[in-house]
Amino acid sequence: MDAALSIAKQEGWSAVTTRRLAEAIDYSQPVLYQHFANRDDLLSAIAVEGFTTLTDLIHAAATTAPSPLEKACRAYLDFATAQPRIYEVMFSLPIDLRFDSPETPATVRGAFDALTELIGQEHHGDNVEAAAEFFWASCHGLATLMAAGRIPMDRIDEHITRAARSITHSPPVGQSPSSNRGTPQ
C-alpha cells in the first residue's frame with residue numbers, strides 16, 4: 001500500500017497498476033493477488049486506512065474546547081491538505097465503498113459517525129444525521145475548493161466558523177429562524 005501511495009504521489013492514481021506496483025516492490029503480480037484481489041481492492045484498502053486516520057483525528061478534535069465542531073472541520077481540512085492522494089482515493093476515485101449501504105464497513109463510516117455523535121451534542125435541530133451530512137458536505141466542499149486553489153485561504157477560518165454555526169444555531173427543518181424566537185410581547 002505504501003508503494004502504491006508513493007507512485008500515486010509522484011504520478012497520480014492512474015499510474016498505479018498491479019504490474020507497476022509489482023515492479024516497485026520487486027514481487028510478481030501473482031504475489032500481489034495473494035493480498036489484493038485486484039487494483040480496486042488495493043485502492044479500497046488505502047481508502048479504509050484513510051478513513052481510520054480521519055476518524056481518529058475527528059475523535060481527537062471532539063475532545064477540545066471551545067468549538068469542537070470547528071476543530072473537527074479543521075482536522076478534516078488538515079487531513080485533506082496533508083494527504084491529498086489518500087483523500088482523493090477516499091472521495092474521488094470510483095471504488096466499491098458506499099456510505100449509504102448496510103454493508104458499509106464500520107471503519108468507513110467511522111469518521112461520519114464521529115461527526116454525527118459530535119453534532120448530536122451540539123445540534124438543536126430535529127435530524128442529527130442530516131445535519132452531519134450537511135456539515136460533512138461543507139467540510140468536503142472547503143477541502144475540494146482549497147485543493148483546487150479556488151477559495152481564498154485567508155477566509156478558511158471564517159468558513160469553518162460559519163459551517164459550525166450553521167449546525168449549532170440552526171432551527172429544525174421547516175422552521176424559520178424567526179419562528180424560533182417565540183411570540184413578541
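**Helix H5 and the packing around it**

In this predicted model, helix H5 comprises 15 residues, 68–82, and spans 20 Å from its first C-alpha to its last, close to the 21 Å expected at 1.5 Å a residue. Its buried residues are Pro-68, Leu-69, Ala-72, Cys-73, Ala-75, Tyr-76, Leu-77, Phe-79 and Ala-80. An α-helix has 3.6 residues a turn, so residues three or four places apart point the same way. The cover over the buried residues of H5 includes H4, H6, helix H7 (106–122), helix H8 (128–147) and helix H9 (156–168).

Two packed helices are described by the angle between their axes and the distance between the axes. For H4 (residues 39–62) and H6 (residues 84–91), the axes come within 8 Å and cross at roughly 110°. H4 is therefore roughly perpendicular to H6. On the H4 side, Leu-43, Ile-46, Ala-47, Gly-50, Phe-51 and Leu-54 take part, meeting Ile-86, Val-89, Met-90 and Phe-91 of H6. By class, this contact has 9 nonpolar residues, 1 polar residue and no charged residues.

The model has 7 aromatic pairs. In one of them, Tyr-76 and Phe-91 are tilted, with 6.4 Å centre to centre and 40° between the planes. This pair links distant parts of the chain, since Tyr-76 lies in helix H5 and Phe-91 in helix H6, 15 residues apart. Tyr-76 counts as buried because its relative accessibility is 1%, whereas Phe-91, at 21%, counts as partly exposed. Both rings belong to a cluster, linked by ring pairs, of Phe-51, Tyr-76, Tyr-87, Phe-91, Phe-112 and Trp-136.

Note on methods:
Residues numbered from 1 in each chain as written. Predicted model: local features only at pLDDT ≥ 70, side-chain atom pairs only at ≥ 80, totals over all residues. Heavy atoms only, no water. Axes fitted to C-alpha atoms, helices over the stretch in contact; angles between N-to-C directions. Helix = DSSP H or I, 4+ residues; strand = E, 2+ residues; numbered from the N terminus. Parallel < 35°, antiparallel > 145°, perpendicular 65-115°, else oblique. Contact = heavy atoms within 4.5 Å. Nonpolar A, V, L, I, M, F, W, Y, C, P; charged D, E, K, R; others polar. Expected span 1.5 Å × (residues − 1). Buried < 20%, exposed > 50% of the residue type's maximum accessible area, 1.4 Å probe, protein only. Phe/Tyr/Trp six-rings, centres within 6.5 Å; stacked < 30°, edge-to-face > 60°.
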